[in-house]
Amino acid sequence: NLSIPAQNVRLEIKPYKNEKDMSEIQMSADGSLLNSRNYATLNINNLSVLLPMYFKFLTGSDSTRNFKSDLYATINMTFNKEIWKLISIVTGNQLNGDHLTLSCEFNPSNKSTLNLSIESIDFNNNKIKELTASLEAVNKSLKATTSIQKAIFNNNLIEGINIVLNHSGREGNLNVLLGDPSSVEKIYAFIDADYILKEEAFNIRLKPSNLHLIKRKWQINTDGYISFSEKSISVEDLFIVSDTTSIRVSGMLSNALDSSLTVIINKVPLGLVNLIVPDTLARIHGILSSNTTLTIYNGIKASSSIKISALKVDEYVMGDGELMIRYSSTEGGEFSGSLSDNTRKTLMLDGSISPDTSPVINASIALLRVPATLIEKYTKDIASRINGYIDFDVKINGELKKPSVSGKLTLSDFSIRLNSLGETYKIPVGSVLITEDAYKIEPTTVILSLIHI
């Protein structure tokens with residue numbers, strides 16, 4: 001018997017000669033670790049160590065024929081709530097949780113298991129309830145499972161997370177299910193993938209799977225193939241669809257071969273952006289399609305052709321158009337495009353970025369006949385009844401990190417009511433010049449209408 005009062009852990013060690021004429025040390029332990037705060041309790045049972053040197057000491061024999069070194073143990077630990085304070089200090093994150101239990105059975109010659117259970121965890125305003133995880137190893141096979149009954153991430157509730165990994169030799173399968181498996185409507189994502197570990201690459205083949213992202217159902221409806229190696233990433237026919245929307249990825253990225261990766265996006269509703277941005281921002285509607293090519297051989301190169309149709313920002317109808325983007329890490333980038341409704345241009349965009357260590361941008365952006373009502377939601381505390389139109393003609397020049405902005409804002413048939421004064425100001429035609437360090441209002445007629453309250 002060996003007592004360690006400082007840690008309040010009791011160890012019992014018993015040497016003996018087993019029936020196979022092998023030496024063996026058995027040990028059991030119980031007590032609490034870091035007892036000043038009572039962080040955890042520890043219980044070790046059936047810990048046996050077979051050592052050749054100890055065999056010689058015990059038997060007085062030099063013969064170690066038919067001797068096999070081995071180690072096996074059963075360990076149980078329960079961490080109390082105080083452990084989260086210690087983890088918070090170490091990680092720098094605010095963590096709170098309930099009891100954590102850990103059990104382990106270690107036996108390399110047969111089967112080893114590890115089980116983890118946590119009732120609940122709160123971290124950085126996220127919550128996890130009833131987390132269980134297990135790991136089971138038998139010879140060269142491995143099975144890992146993780147289950148969470150309920151999770152809240154960024155105020156989004158997920159009713160269940162289940163992850164299962166089966167690995168044998170150099171092959172395996174990964175199965176991920178997010179949501180409640182008892183109802184198809186409550187499944188956020190289901191991913192099923194096989195993989196192969198090779199000396200030169202890691203290959204993944206995605207089976208037909210389902211995703212529920214941004215309140216839409218997506219399907220991986222072909223056997224998409226992805227391969228990772230030290231010098232390249234290859235994608236073969238990864239095809240994702242949702243109603244009339246589709247995304248296809250194929251090709252290879254390599255820093256050793258002249259190759260390219262192509263991403264084709266067809267008919268993505270821009271309204272999906274509204275689901276992930278605050279309600280205080282403008283609502284966007286329209287359809288986007290694009291064809292993008294990317295290479296990394298001898299520097300990064302990218303080109304993209306983007307088509308937009310029926311674009312609408314709140315009540316501002318911007319119409320249809322096309323944007324072109326080209327970039328090279330050695331030559332810089334350029335972009336251009338325009339949008340128009342049935343009668344006029346609504347957006348004109350043109351510019352370039354230099355390939356310097358500190359990139360320089362030169363760009364011009366023009367927005368025409370923007371309804372002034374768009375700004376009312378941002379000024380409702382100080383102004384209301386905003387009407388008319390605004391033309392924006394903006395120039396952006398200088399270092400990309402801190403460019404200078406200049407241009408001109410033109411008002412037409414503009415009116416605004418200042419809530420604190422109860423007065424409405426009307427501007428038939430007016431403009432504001434913008435420079436890097438000043439604003440200049442050109443001669444403008446302002447009509448003041450007094451409103452009696």
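Which residues form one aromatic cluster? Select Tyr-195, Phe-202 and Phe-228: these three form it. Keep them in view while the ground rules are set out.

This is a predicted model: local features need pLDDT of at least 70, side-chain atom pairs count only at pLDDT 80 or more, and totals for chains, interfaces and linings use all residues. Residues are numbered from 1 along each chain as its sequence is written, and side-chain values use heavy atoms, with hydrogens and water left out.

**Stop 1: the whole chain.** Show the protein chain as a cartoon. Its secondary structure comes to three helices and 32 strands. Both are DSSP runs numbered from the N terminus: helices are H or I with at least four residues, strands are E with at least two. Of the 453 residues, 30% count as buried. Buried means under 20% relative accessible area, exposed over 50%, and partly exposed in between (1.4 Å probe, protein chains only).

**Stop 2: the ring pair.** Go back to Phe-202 and Phe-228. Rings of Phe, Tyr and Trp (its six-membered ring) pair if their centres lie within 6.5 Å; planes under 30 degrees apart count as stacked, over 60 as edge-to-face and the rest as tilted. By this rule there are two aromatic pairs. The rings of Phe-202 and Phe-228 have centres 6.4 Å apart and planes at 25 degrees, so this pair is stacked. The pair links distant parts of the chain: Phe-202 is in strand 15 and Phe-228 in strand 18 (residues 224–229), 26 residues apart. Phe-202 is partly exposed, at 29% relative accessible area. Phe-228 is partly exposed too, at 33%.

**Stop 3: the largest core.** A nonpolar core is a set of buried Ala, Val, Leu, Ile, Met, Phe, Trp, Tyr and Cys residues joined through side-chain atoms within 4.5 Å. Select Ile-204, Leu-206, Ile-226, Val-235 and Leu-238. Of the 17 residues in the largest core, these touch the most other members. Strands that each supply at least two residues include strand 14 (187–197), strand 19 (232–242) and strand 20 (245–254).

Now centre on Ile-226. Leaving aside neighbours within four places in sequence, Ile-226 is in contact (heavy atoms within 4.5 Å) with Phe-202, Asn-203, Ile-204, Leu-206, Ser-234, Val-235 and Leu-238.

A second, separate core has 14 residues, including Ile-83, Leu-95, Ile-121 and Ile-148.

**Stop 4: charges over rings.** A charge sits over a ring if NZ of Lys or CZ of Arg is within 6 Å of the ring centre and within 35 degrees of the ring normal. Select Arg-248: it lies over the face of Phe-239, at 4.0 Å from the ring centre. Finish at Arg-369, which lies over the face of Tyr-389, at 3.7 Å from the ring centre.
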